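Hi everyone, thanks for coming. Please have the sequence and the model open on your screens, and I'll walk you through a few places in it.

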Amino acid sequence: MRTHVAEPWIEAPLQTFVDDAHALFALLLHPNGQVMGQFGFTRAVDVMAACALAAAIHASAGELGKELDGKPFREMYHAGRDRQIFIGDVPTTRERFVFLTVFDSESSLGLVRIYFQELCELLEHAQPTTTSQTPISGTSLEHDLNRNLAILFGRAPLGADGGESSLSLS
Amino acid sequence: MSLVNYATREITCKIVYYGPGRSGKTTNLHYIYEQVPGDRKGQMVSLATQTDRTLFFDFLPLDLGTISGFSTRFQLYTVPGQVYYQATRKLVLHGADGVVFVADSQARQLAENIESMQDLHTNLAEHEIDVRTMPLVLQYNKQDLPKSLISSVPELEDALNFREVPSFAADALHGTGVFETLRGIAGLVLKRLSAGSGPAPAAAAAGGR
């Protein structure tokens, strides 16, 4: 299984971590819950749920750390019976990310910590200094949106004249 | 912050349902969850108290299919409405691409609606977002209740809709207005993306299939 990434520069560092640390799952996400890269998940909607929860854990642990220790907790670890979870903060020059990984007895917390530090360094070096923002074509946006939402809700979509149409999702 | 992957042509957007406690934010998500086929949604995640009051957030990932050539996914969040969860609301609001403000139409809840709208403005400001630029729609929920108990839509417009954003009368429990509200905010968010003025530098989306 390969990693899926949002931006090409993330792929090599993430794949290196997965291979070296023998991770079962790996998630790199923005602190707002948006996925940047993942390994181990098969459905996008499941990745989104995992990211939302990981972002929530990270954010609330950060706030708890500020309350209790005067600074955010940057790493968290849970030892389950068969699987273990590690969550860490990935500070880069451009922005901050959150990393979550799940591993079993094929790996260990010590190894994961070592390779996590390497991942942070690889991401820092691989990160581009600028991003481009190209507008998305709005030509068919409203039509497609109306059609797809109507299909999701089991309704007939609105036609161009505001009436019902019988388009279907291809 | 919408994530746009131009290589794989994928878009992921974050929508937050905001509003006072018990206004019907979670009910909106429950209705959407029940309507959408299983292969187009993920599990609905609810971090709630034992009495089903939202503690942290509800979360529902939706696959909207292909829009303008991009595989489009929406992440729907709710916030806890009670006043004392202000810090949590601010966390959930982080990176939102659009906001649905769910107002409780009951006349006795008018002050709570106004307070929650002010709280939204405060939290957006703390994230350094100008409320005038954030895609926003209003939903006036519980319009099915007896007229004697609720504020009319014009009264609610007067009290809450100073930006004159799209607004929708709703009965979220039975689904009235839920679809229209989602379509309204999705349209605003995607139009903003197509205009190239997303709230943050576009990155990309990654996921499974």
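**Chain B: a strand and its partners**

Let's begin with two strands of chain B: strand β1 (residues 3–5) and β2 of chain B run antiparallel, joined by three bridges. B:Asn5 has B:Glu10 as its bridge partner in β2(B). Before going on, some housekeeping: this is a predicted model, in which local features need pLDDT of at least 70 and side-chain atom pairs count only at pLDDT 80 or more, while totals for chains, interfaces and linings use all residues. Residues are numbered from 1 along each chain as its sequence is written, and chains are lettered from A and ligands numbered from 1 in the order in which they are written.

Two terms for your notes. Helices (H or I, at least four residues) and strands (E, at least two) are DSSP runs, numbered from the N terminus. Two strands pair if DSSP finds at least two bridges between them.

Now, which strands run parallel to β2(B)? Strand β5 (residues 70–78) of chain B is one of them, and eight bridges join it to β2(B). There, B:Lys14 has B:Gln75 as its bridge partner. Strand β6 (residues 98–104) of chain B also pairs with β2(B) in the parallel sense, over four bridges.

How many residues of β2(B) are buried? Nine of the nine, residues 10–18, so the strand is mostly covered; buried means that 20 or more other C-beta atoms lie within 10 Å of a residue's own, exposed means 12 or fewer, and partly exposed is in between, with C-beta atoms placed from the backbone. Follow the side chains along β2(B): B:Glu10, B:Thr12, B:Lys14, B:Val16 and B:Tyr18 point one way, while B:Ile11, B:Cys13, B:Ile15 and B:Tyr17 point the other way, and all are buried.

**Two loop residues in chain B**

Next, please find B:Glu128, in the loop between α3 and β7 (136–141) of chain B. Its phi is positive, about 60 degrees, although B:Glu128 is not a glycine. Is B:Glu128 buried or exposed? It counts as exposed, because it has 6 C-beta neighbours inside 10 Å.

B:Glu164 sits in the loop between α4 (153–160) and β8 (167–169) of chain B. This residue is not a glycine either, yet B:Glu164 has a positive phi of about 55 degrees. B:Glu164 counts as exposed because it has 8 C-beta neighbours inside 10 Å.

**Over to chain A**

In chain A, six strands form an open sheet with antiparallel pairing, in the order β1-β3-β2-β6-β5-β4. Its edge strands are β1 (4–5) and β4 (75–79) of chain A, each pairing on one side only. Inside that order, strand β2 (residues 25–29) of chain A is joined to strand β3 (residues 35–39) of chain A by four bridges. A:Leu28 finds its bridge partner in A:Gly37 of β3(A).

Now look at A:Ala55, in helix α2 (residues 44–69) of chain A. A:Ala55 is buried because 26 other C-beta atoms lie within 10 Å. Which residues does A:Ala55 touch, not counting those up to four places away in sequence? They are A:Leu29, A:Pro31, A:Asn32, A:Gly33 and A:Val98; contact here means that the C-beta atoms of two residues, placed from the backbone, lie within 7 Å. A:Ala55 and A:Phe99 are 44 residues apart in sequence, and 9.4 Å apart in space, C-alpha to C-alpha.

**Where a helix of A meets a helix of B**

Last stop. The axes of helix α4 (residues 141–152) of chain A and helix α5 (residues 178–194) of chain B come within 10 Å and cross at roughly 150 degrees. Axes are lines fitted to C-alpha atoms, for helices over the stretch in contact, and angles run from 0 to 180 degrees between N-to-C directions. α4(A) and α5(B) are therefore roughly antiparallel to each other; angles under 35 degrees count as roughly parallel, over 145 as roughly antiparallel, 65 to 115 as roughly perpendicular and the rest as oblique.

On the α4(A) side, the residues that meet α5(B) include A:Leu141, A:Leu145 and A:Leu149. Among those in α5(B) are B:Phe179, B:Leu182 and B:Leu190.
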